[in-house]
Amino acid sequence: MTVKGIMAAAAGFERFLGELECPVCLQIPREGPVAVCPVGHLVCKTCRVNVTTCPTCRRRMLEDGTNTVANKMIEKVPHPCKYSQFGCNVTKPLKEVIEHEAKCPERTIKCPYLRCTEVIQIKKYEDHAMSTKCNRPHSVATKLERETSCNLLKNRGQSYLLNN
């Protein structure tokens, strides 16, 4: 295959991915059912709850209209890791990217301190806990430690989570 042929194939694949993209959030759906309007325009499950007319053609959305082909295709096409905004560059088919996200070094957690509402990267939790005085008693930290594969640091009666 020539360079020109490869470039044409890549451009065709990008156009194909564009057809799967939700016109509301501009993302390829990560779960079904993928809703459709009477003409066949797609809207992802998350955006569908807020949409009564098709964002593309303005026709009324079908109550139970779905696209079986789109549902199958979202499982096969590459999806970026949901932590890409934190620097993860992994792109894989849906099942594989979901498995990756469970162990992604860039993944995030909600701070376990009840009065803190921040979502932070696990690898930055120690700095967050020390700079904001968000710390946990041992019993809560142990539960979070199991969930996030972090180490526990005890200092002067306080417990802190440390990333690996």
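Trainee: Where does Cys81 lie, in terms of the strands and loops?
Mentor: This is a predicted model, so local features need pLDDT of at least 70, side-chain atom pairs count only at pLDDT 80 or more, and totals for chains, interfaces and linings use all residues. Residues are numbered from 1 along each chain as its sequence is written, while side-chain values use heavy atoms, with hydrogens and water left out. Helices (H or I, at least four residues) and strands (E, at least two) are DSSP runs, numbered from the N terminus. On that numbering, Cys81 is found in the loop between β3 (78-80) and β4 (91-93).

Trainee: Is Cys81 buried or exposed?
Mentor: Here buried means under 20% relative accessible area, exposed means over 50%, and partly exposed is in between, using a 1.4 Å probe and protein chains only. The relative accessibility of Cys81 is 1%, so the residue counts as buried.

Trainee: Which residues is Cys81 in contact with, leaving aside neighbours within four places in sequence?
Mentor: Contact means heavy atoms within 4.5 Å. Thr91, ten residues away from Cys81 in sequence, has its C-alpha 6.0 Å from that of Cys81. With the neighbours within four places set aside, the contacts of Cys81 are Cys88, Val90, Val97, His100, Glu101 and Cys104.

Trainee: How many disulfides does the structure hold?
Mentor: A disulfide is a pair of cysteine sulfur atoms within 2.5 Å. The sulfur of Cys54 has its closest cysteine sulfur in Cys57, and at 3.7 Å that is too far for a bond. Cys81 is in no disulfide either, as its nearest cysteine sulfur, in Cys88, is 3.7 Å away. The count of disulfides is zero.

Trainee: Which residue forms a salt bridge with Glu101?
Mentor: A salt bridge is a side-chain nitrogen of Lys or Arg within 4 Å of a carboxyl oxygen of Asp or Glu. For Glu101 the closest N and O atoms are 2.7 Å apart, and the partner is Arg30.

Trainee: How many residues apart in sequence are the parts that Glu101 and Arg30 tie together?
Mentor: Glu101 belongs to helix α4 (residues 94-101) and Arg30 to the loop between α1 (3-20) and β1 (35-36). Glu101 is buried at 6% relative accessible area, whereas Arg30 is partly exposed at 31%. The parts that this pair ties together are separated in sequence by 71 residues.

Trainee: What is the N to O distance in the salt bridge of Lys45 and Glu31?
Mentor: Both partners are partly exposed, with Lys45 at 38% and Glu31 at 42% relative accessibility. Their side chains meet with an N to O distance of 3.5 Å.

Trainee: Which residue does Glu106 pair with in a salt bridge?
Mentor: Glu106 is buried, with a relative accessible area of 13%. The closest N and O atoms of the pair are 2.9 Å apart, and the partner is Lys123.

Trainee: Which residue just after α5 takes a positive phi?
Mentor: The phi in question is about 60°. The residue is Lys133.
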